[in-house]
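Colleague: I have not looked at this one before. Can you walk me through it?

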Amino acid sequence: MSVVPRRDFLKRTALAAAAASAASLVPDVVFGEDLDGVGLDVAWKKTPCRFCGVGCGLLVGIENGRAVAVRGDPDSTVNRGLACVKGYHSVQALYGRDRITRAQVRRDGALVEVPISEALDLVARRLRETVDAHGRDSVAVYGSGQWTIPDGYVASKLFKGAIGTNNVEANARLCMASAVTGFQTTFGLDEPMGCYEDIDHADVFVLWGNNMAEMHPVLFSRMLERRRQQPHVQIVDLATRTTRTSHASDRSLLFAPQADLAIANAICHEIVRNDWVDHDFVEHHVAFRKGRTDIGYGLADDFGFTEEVEESEWEEFVEFLDEYTPERASEISGLPAADIRWLASLYGDPSRRVMSLWCMGVNQHTRGTWMNNLIYNIHLLAGKISTPGNSPFSLTGQPSACGTVREVGTLTHGLPGGRVTDPAARQRAAEIWGVPVDNIPAEPTHHTMSMFRALDRGDIRFMWIQVTNPMTTLPDLRRYRAGAEKPDRFLVVSDVYPTATTAVADVVLPAAMWIEREGMYGNSERRTQHFDRLVDPPGEAMSDTWQLVEVARRLGYGDLFPQDEEGHIEEIWNEYTRFHDSPEHRMAPLSELRARPGVMWPFVDGRETKWRYNTETDPAADGAHGAYDFYGHADHRAWIWLRPYEAPPEWPDDEYPFWLSTGRVLEHWHSGSLTRRIPTLHQAVRSAYVELHPRDAEALGVRDRDRVRLVTRRGSLELPARIDYRGRPARGQVFVPFFDESMPVNELTLDAYCPISAQPDYKKCAVRVERVRR
Amino acid sequence: MPICSYVVIPNRGAAASVRDRLDAMPGCDVAVAHNRDVLLLVTDTPDLAAEVELRASIEAMDGIQALLLAFGEIDPDAQVPDLLSSSGVGSRGRAGRGPEGPGAGGGR
């Protein structure tokens, strides 16, 4: 390899990044230069990207112990050498000037630095004292889909197995819970049946409320490439807001918030009415179920919900669909009936392979579980599932929401590979963990919203928060911040930079970030990805895994955890994978993970499983059930659910006449605590803003960049208006990104949630827009 | 000493003119697509102010439909935003609480 000066290397990297960005916009664009960004004399090491759930493989250049460069890993089947703007800049997040390098404890109201051993002593002491004084359910751990798999595993083992509380939750509750309950109710098992390779086979892509061009840009570029190679391919953007995705799609269809429920049912109505049903598939592989309706929104602290599942049948399902004519759905959604019929014809055409993709638009929804069910209903009716290109595909938002939260089970009801309510799952956990089975409580305690309400009430007194920033991301934020600030609460926060959450902490622990420690993530397509420690963490920063082990030791549980930091990740992985030692979920050994950019589970006899439930491709599927075996349910069938349209809890009215929706932008990750410290990304989008439709802006007398005030029943916020900047909301709607903690839009949002998944709806509440006169 | 890159989408028929004008600007290197009207621009400027000024002048140029940032290496010591002081988060902390918790000294 020739060696080039660092500045020339940076220019080459910059050129390669621009070429990759251009390719995501114009897939067939060809440049003549060598744009691969190689040439510097650095050691290139593999890792998954630290940001979204796509799980792009990256190669990080290490020079003199410092991560200096990034390029897409050409060996990764996920991204094939591409990366997005966040991926290219990811290593810069390691080196912000205000990186937390030492532990801090609050004294006389201020955080002061102390040796980390002293802080860990304090954490253990306060945890023990709280349990002794208030019971084991008075302590909690709140983690993240950015936890590595070992982080989540050790947290679950410590809190559920050793301390004996199910107060274990993660921020994936806020982004993926409806996907989980959707999978579990329809298929009996979590996570997608297909994989990203479906993109290379599909003829139609229907994006349900999913701005992939900004949120999953590398997968979106794969989709554009598929269309470039096969011009018959169509991309349909079905959304409430016009975005970069809309502009790149063949059709942009706008609908009113919450009306996706009616549209999905109307598509099923049309598939049935036109007899586009795959009757053989339905007869042999589908059963029908119905549950409770008028199920509420979880707004009260004492809200409770228990599903009541009843068997149903084809005739009842057809009768249920009667009211969902395209015309009725059009009245609810504003989408023309002809467009609904056209969508149904795409799904109904047996010659087209259809992929549906969704993420927060469907999941952050007070009927999120139902919406997941309804998309599966469409695919099951048409028999378009579990074969290449026929794929209902739930995308994830975080790098290890699947790997850590869903597979390890770091939610109140979860255990690795099971549920706390299942005696067999508790018994297995107790055996593998080496704890008495009675240690593991049989009932879930608090989901995330309930947990922070319990913190506010005082039922929870001690909370340890790792790798997430709830004081920016919780809805109806003022209540939960006030709860966290109450004087007899004790908050421990492990993070890499100061955030709105460290600002309310009693102890801040400096965390080793991403490639400063060894770990694994699990992405959207069941792919587990290992990364080594490539650089040293700064100061006394320590991995979240090892922080938990150190506290466990101080509590007297040291024998349950690795004794030596050297090799502890391998030890944890070998123990964890015992939970998944079956053809349905077997994980790859660490040697395979170390050798490859990632491995999909089930990994059986040295082979990945690309399409689950298909008896030709899934080693767990039994051919005795025919071409497909939906083995998650005892009847070996997937369930079509009768799920109606129901209104959201808050509607625009005379006082609050607009809909407020929130979300991300391409350049920033979640609450911005990492990406706002990357100078280029910060310069690209320096602050939050509110998007207005041009005609709404005109009616309000607001011009681009004027300041406006947003007012909801929960608070108000001033921020600049942007008109036709990044996206264009429909008339009567506004959109605000949540990355900017100086403009915390979640002070305005509503903490209503899906009663089945307990996932809040950040996409719909009523808001007033006022022009700020100076 | 920022180094940044951009994707430049010129207006229809303006690619050659935009390329020539960008090429003539100090600190700018341009790569041209073979088959589409798409340009890649790499900038090398002495400081952030110069980069911002250069970007503004490019944005004001006739014939450019879109200028999209793809990459940037900017001296972090000079440019990382002071997030906490700008947001007021740091001042919102938990005055009056100590590590020993309620009733155990400190300025409660």
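Colleague: What kind of model is it, and how is it numbered?

Modeller: This is a predicted model, in which local features need pLDDT of at least 70 and side-chain atom pairs count only at pLDDT 80 or more, while totals for chains, interfaces and linings use all residues. Residues are numbered from 1 along each chain as its sequence is written, and chains are lettered from A and ligands numbered from 1 in the order in which they are written.

Colleague: Start with helix α5 of chain A. How many of its residues are buried?

Modeller: 10 of the 11 residues of α5(A), residues 177–187, are buried, so the helix is largely enclosed by the rest of the structure. Buried means that 20 or more other C-beta atoms lie within 10 Å of the residue's own, exposed means 12 or fewer, and partly exposed is in between, with C-beta atoms placed from the backbone. Helices (H or I, at least four residues) and strands (E, at least two) are DSSP runs, numbered from the N terminus.

Colleague: What do the buried residues of α5(A) pack against?

Modeller: They pack against α14 (360–363), α15 (368–382), β15 (391–394), α16 (401–408) and β24 (638–642) of chain A.

Colleague: How do α5(A) and α15(A) cross?

Modeller: Their axes, lines fitted to C-alpha atoms over the stretch in contact, come within 8 Å and cross at roughly 50 degrees. That makes α5(A) oblique to α15(A); angles under 35 degrees count as roughly parallel, over 145 as roughly antiparallel, 65 to 115 as roughly perpendicular and the rest as oblique. On the α5(A) side, the residues making the contact include Ser178(A), Gly182(A) and Thr185(A), and on the α15(A) side they include Gly368(A), Asn372(A) and Tyr376(A). Two residues are in contact if their C-beta atoms, placed from the backbone, lie within 7 Å.

Colleague: What comes after α5(A)?

Modeller: Gly188(A), with a positive phi near 80 degrees.

Colleague: Which residues have a positive phi without being glycine?

Modeller: Asp275(A), at about 55 degrees, is one of them, and Ala758(A), at about 65 degrees, is another.

Colleague: Where is Asp275(A), and is it buried or exposed?

Modeller: Asp275(A) lies in the loop between α9 (260–273) and α10 (279–285) of chain A. It counts as exposed because it has 8 C-beta neighbours inside 10 Å.

Colleague: And Ala758(A), buried or exposed?

Modeller: Ala758(A) is buried, with 26 other C-beta atoms within 10 Å. It is found in the loop between β30 (733–737) and β31 (765–771) of chain A.

Colleague: Which residues does the cis peptide bond join?

Modeller: Trp601(A) and Pro602(A), with omega about -5 degrees. Pro602(A) is in the loop between β23 (599–600) and β24 of chain A.

Colleague: Switching to chain B, what is in it?

Modeller: Chain B has 4 helices and 4 strands, running β-α-β-β-α-β-α-α from the N terminus on. Of its 108 residues, 35% count as buried.

Colleague: Which residues touch the most other members of the largest nonpolar core?

Modeller: Of its 270 residues, these are Ala18(A), Phe205(A), Ile263(A), Ile267(A), Ile378(A), Val7(B) and Leu40(B). The largest share, 12 residues, comes from helix α1 (residues 6–25) of chain A. Such a core is a set of buried Ala, Val, Leu, Ile, Met, Phe, Trp, Tyr and Cys residues joined through C-beta atoms within 7 Å.

Colleague: What is Ala18(A) in contact with?

Modeller: Leaving aside neighbours within four places in sequence, Ala18(A) is in contact with Ser5(B), Tyr6(B), Val7(B), Leu40(B), Ala70(B) and Phe71(B).

Methods. Axes are lines fitted to C-alpha atoms, for helices over the stretch in contact, and angles run from 0 to 180 degrees between N-to-C directions.
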